[in-house]
Amino acid sequence: MAQTPQDIRRGLLHAELAGNILANKREAIRLRAAVMQVEAVVKMLQPGFNVASIAAKRRNKSNPWFKRGTLFGSAVDVLRQAQAPMTAREIADTLMAGKAPQATRKQAVDLQAAILAALRKRDGDMVTGAGAPARWRLAGEE
């Protein structure tokens, strides 16, 4: 039985995700070893220190195209110029048109997710979304 293009895409996506899992496992092992080394040094320098009291810290990844707090405003500008309601993907594609460097697949998906989160946060206030996938427009526009 011949594979359809959709089957091939699913296989490629599966392979890509499996590769990501392996890479993340290797990285987790490396990070665990680094944490144990830091804990050992802390114990050598200060034997009574409780390393369990150190809270984990996550770093926010910066966006190379939009400074912090400017993405929603840019999305609203796109909606102002739009002739019809737009999906988060259409908004992201419009925002990224002509920007350098070109977004990787993950960056494009992350940008769409950030736009969607910002739109959902303000749904009913500044923007309104309807349908699936949601088509967004400015609040008060008919």
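Let me start with a term: when I say contact, I mean heavy atoms within 4.5 Å.

Okay, on to the model. This one is predicted, so local features need pLDDT of at least 70 and side-chain atom pairs count only at pLDDT 80 or more, while totals for chains, interfaces and linings use all residues. Residues are numbered from 1 along each chain as its sequence is written, and side-chain values use heavy atoms, with hydrogens and water left out.

First, the overall layout. The protein chain has four helices and two strands, in the order α-α-α-α-β-β from the N terminus. Those are DSSP runs numbered from the N terminus: H or I of at least four residues for helices, E of at least two for strands.

Now the dimensions. Along the principal axes, the C-alpha atoms fill a box of roughly 65 × 50 × 30 Å.

Of the 142 residues, 17% count as buried; buried is under 20% relative accessible area, exposed is over 50%, and partly exposed is in between, with a 1.4 Å probe and protein chains only. As for contacts between residues at least 6 apart in sequence, 54% join residues at least 24 apart.

Strand 1, residues 127-130, and strand 2, residues 135-138, run antiparallel and are joined by four bridges. For us, two strands pair if DSSP finds at least two bridges between them. Ala130 stands opposite Arg135 in strand 2. There are four residues between the strands, and Gly131 takes a positive phi near 90 degrees. In that loop you'll also find Pro133, and the peptide bond from Ala132 to Pro133 is cis, with omega near -5 degrees.

There's another cis bond to look at, from Ala100 to Pro101, with omega near 0 degrees. Pro101 lies in the loop between helix 3 and helix 4 (105-121).

So what is Thr87 in contact with, leaving aside its neighbours within four places in sequence? The list is Pro133, Ala134, Arg135 and Trp136. Thr87 itself lies in the loop between helix 2 (71-81) and helix 3 (88-96). Thr87 counts as buried because its relative accessible area is 8%.
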